[in-house]
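Hi,

Here is the model I promised to pass on. Have a look at it first, and my notes follow below.

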Amino acid sequence: MTDLSPSADPIYKTDALIAEDIEAYLELHQNKGLLRFITCGSVDDGKSTLIGRLLYDSKMIFEDQLAALEADSKRVGTQGGEIDFALLVDGLAAEREQGITIDVAYRFFATEKRKFIVADTPGHEQYTRNMVTGASTADLAVILIDARKGVLPQTRRHSYLAHLIGIRHIVLAVNKMDLVGYDHAIFDQIVADYRAFAGSIGIAAFTPIPISGFKGDNITAAPSDQTPWYEGPSLIEHLETVEVDAAAAQEQKFRMPVQWVNRPNLDFRGFAGLIASGTVKPGDPVRIVPSGKTSTVKAISSFDGDLPEAVAGQSVTLTLADEVDCSRGDVIAAADAPPESADQFEATIVWMSDDALIPGRAYWLKLATQTVSASIAAPKYEVDVNSLEHLAAKTLGLNGIGVAEVTTERPITFEPYHASRQLGGFILIDKLTNATVGAGMLHFSLRRAQNVHWQALDVDRAAHARLKGQEPMVLWFTGLSGSGKSTIANLVEKKLHAAGKHTFLLDGDNVRHGLNKDLGFTEADRIENIRRVGEVAKLMNDAGLIVLTAFISPFRAEREMVRSMLPDGEFLEIFVDTPLELAESRDVKGLYRKAREGQLKNFTGIDSPYEAPERPEVRIDTTVTSPEAAAEAIVARVLGQWSPTL
Amino acid sequence: MLPLTHLQRLEAESIHIMREVVAETQNPVMLYSVGKDSAVMLHLARKAFYPAPPPFPLLHVDTTWKFRDMYALRDKAAKAAGMELLVYQNPEALEAGINPFDHGPLHTDMWKTQGLKQALDLHGFDAAFGGARRDEEKSRAKERIFSFRTANHGWDPKNQRPELWNLYNARKAKGESIRIFPISNWTELDIWQYIMAEGIEIVPLYLAAPRPTVERDGMLLMVDDERFPLASGEEPQMRSIRFRTLGCYPLTGAVESEAQTLAEVVQEMLLTTTSERQGRAIDKDEGGAGMEKKKQEGYF
């Protein structure tokens, strides 16, 4: 067995009361609060032992689990057959076999005052991603320090991340005090060292507590017999009384991102959402953002009858006095202090994917209930989480943290992250894999977005097109080098020109001699190449032209980006489908040979991928269709004489 | 206004999760197993979408071996919620007469694991709510609230998405699906407290009563119908028992108990020294990794 005996003062669960008067006990426990916290440190700091103790003292570990744990400790434990609490905290089989943990585990325990959800993020190279994830929902962070070792680089890293993610309450748990003879001077020195560092990164206050997770000192009651010099609270006392974020959020202005419109019949139209901040009552004036329309709250409808009031942290359904437009993504806010909307921001980005950030690429950005297309510029700098130095960076790799400009396709309603986690925190989603690849925290909007307004033009795109007697359109030819894009595009343009249509052909090679001569062939440059061509094609499209483009444009995401710039139906993706072997055997420009010999890097089809269109408007199989026949068919489609038998 | 209580916070989180799923997926369904966790989940769904009924059906992946009391409450609860109830029984298991007495682990695999996959494919559900909790079992402590499954319903522990704040990424490719666990952060005690506070109806088997039982491999099993094969000379004995979890009756161990009210059940639970899933045979397969292995194969 283990030395880990229950603490002297069993304040978790009053067994006597449970046994004697369960009703009284339940009454006592019905109105507990909830605190979420994160523990930061490694197994060496005694973190697992501390968590094990919290669970064990609150009887969250049962005998059968303990028996299994003992058996596991003997089999795969790292503590020489002693109870290995790390095994209790490590769940997945693959991890156990490899002796690593790859994730965030959530643990639960309760005292008479509060229920606790502990996010446990074991330390290893995936640490940043996991700790940021675990910390994002935490009210408090327990930073564990081994009293024998003092403040280490990892202490700084943990503290920086906790502060970055906006945790307001930091506990410095100086652990293993039993191994330094409960020395007051050692404790004071560690606290002084930490204070100097904490101040330098903006942590104004923290609560230092000398503990022994193993012996139980100052865990449930303080001071322990061994630390008569300690005057602060025990760890549990502190966790039970510290203010939770949800309570603090009630003091702020009312905001509720609309999740879902509840419309069961014509007489009821409710707006469902989780209140991000503030309080709300029937009769309160509210404003719908971004439309700016105002109304008043008619009722807070619920399963248990209408509510007189609702507060931050509750999921509610509001009805409004007026028929105003309001749907998912909108924010219902206090009428006199609505949040802003903008489309350009500075933000801190935390990258969470093995595939590095690609500046300029369009990702989905989800903030509260809004999902928009967004791109991230090359970082202004990356932060080294160990030294906290700012480093120059062109991208962010897995676990990279940096500051960058974010541009969204349309304005989003937001608040700075320091004012609201709910309206300032966002995730980034890869459009192709759908993976969550990053997270971010908005600092502020950039003035550019607010001051550069669209100039309304009297002669608009419809007027341009009318004069030319044609439907503007972009014919986007995509395919491998040597597939025949330019050949077919040329033929199409000649035929359209002959039919009296105003056209313009943007050719890949030609554009790279002028507009894009500053760009190379890295992934980032290829994306920027396509973005610029897309913008130019869009301007020409506005001018009423039929634009033809012939670019390899190998990435699906960028082709979709251009499609989304244009009105529905005006983007025709034409996939010139030529097998690699055939294109390579033609090798008109001798490029494949150079690529095979290693003289050309990042060549599509050789050492850079080509992502074929999934649903192109037109697909031309050049193994069976001649360029002439292909051009005829495309022209027929453009001129509205489309026959589907290509 | 006072700070919210832990039950209010948990309720708000679960409702938020359910609404996100309805807003961001095409064809959600709620898996309903008739246990206490399902009862809480169904109640939360009714609250989330009130005054509308929850905008998805209930799906019971049936094994034909549940307790009779469970079938009775299932039909009643669905009706009270105004929701469509879909009951699915794996036709191959039905055909082969798969049962827990003769077929061991195959019973769970065919009725539940394969049955669930078949039912989800049959209806084309792209999102399924489940009542699993993180405190139930070790491998679940790390389970996401939104758990992604491949088109074959496989679960890859290394390929799950990080969940930050209350932002859930519900995007997926065609054919892929999500299992969503809205009561991930509830503990067994939370569940009981909520059931009491909200007056949620549960299967009477959770409360102690005299019931016919036999002892098998150290487990007390209830003889719920005539299909239970008795050894020669074996007589079911009446014992005052209740159940901490409910599954197929021949696989679910009872505890001897006098707790006839919810308060007394909680009292026993708080004073007990064994964990909730201890009465279930399923977790003991394949050593400690039993549940995890089943999850990779597509078990809920």
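Helices (H or I, at least four residues) and strands (E, at least two) are DSSP runs here, numbered from the N terminus. On that basis chain A has 21 helices and 28 strands.

Some housekeeping: this is a predicted model, so local features need pLDDT of at least 70 and side-chain atom pairs count only at pLDDT 80 or more, while totals for chains, interfaces and linings use all residues. Residues are numbered from 1 along each chain as its sequence is written, and chains are lettered from A and ligands numbered from 1 in the order in which they are written.

Chain A has 646 residues, and 48% of them count as buried (20 or more other C-beta atoms within 10 Å of a residue's own, C-beta atoms being placed from the backbone). Leaving aside residues up to four places away in sequence, A:Ala173 touches A:Ile209, A:Ile211 and A:Leu235, among others; contact means C-beta atoms, placed from the backbone, within 7 Å.

Between the chains, the contact takes 71 residues from chain A and 56 residues from chain B.

In chain B, strands β7 (residues 209–216) and β8 (residues 219–222) run antiparallel, joined by four bridges; pairing needs at least two DSSP bridges. They form a hairpin with two residues between them, and B:Asp217 in the turn has a positive phi of about 45°. B:Arg216 stands opposite B:Met219 in β8(B).

Best wishes

Notes: Contact = placed C-beta atoms within 7 Å. Buried ≥ 20, exposed ≤ 12 C-beta atoms within 10 Å, placed from the backbone.
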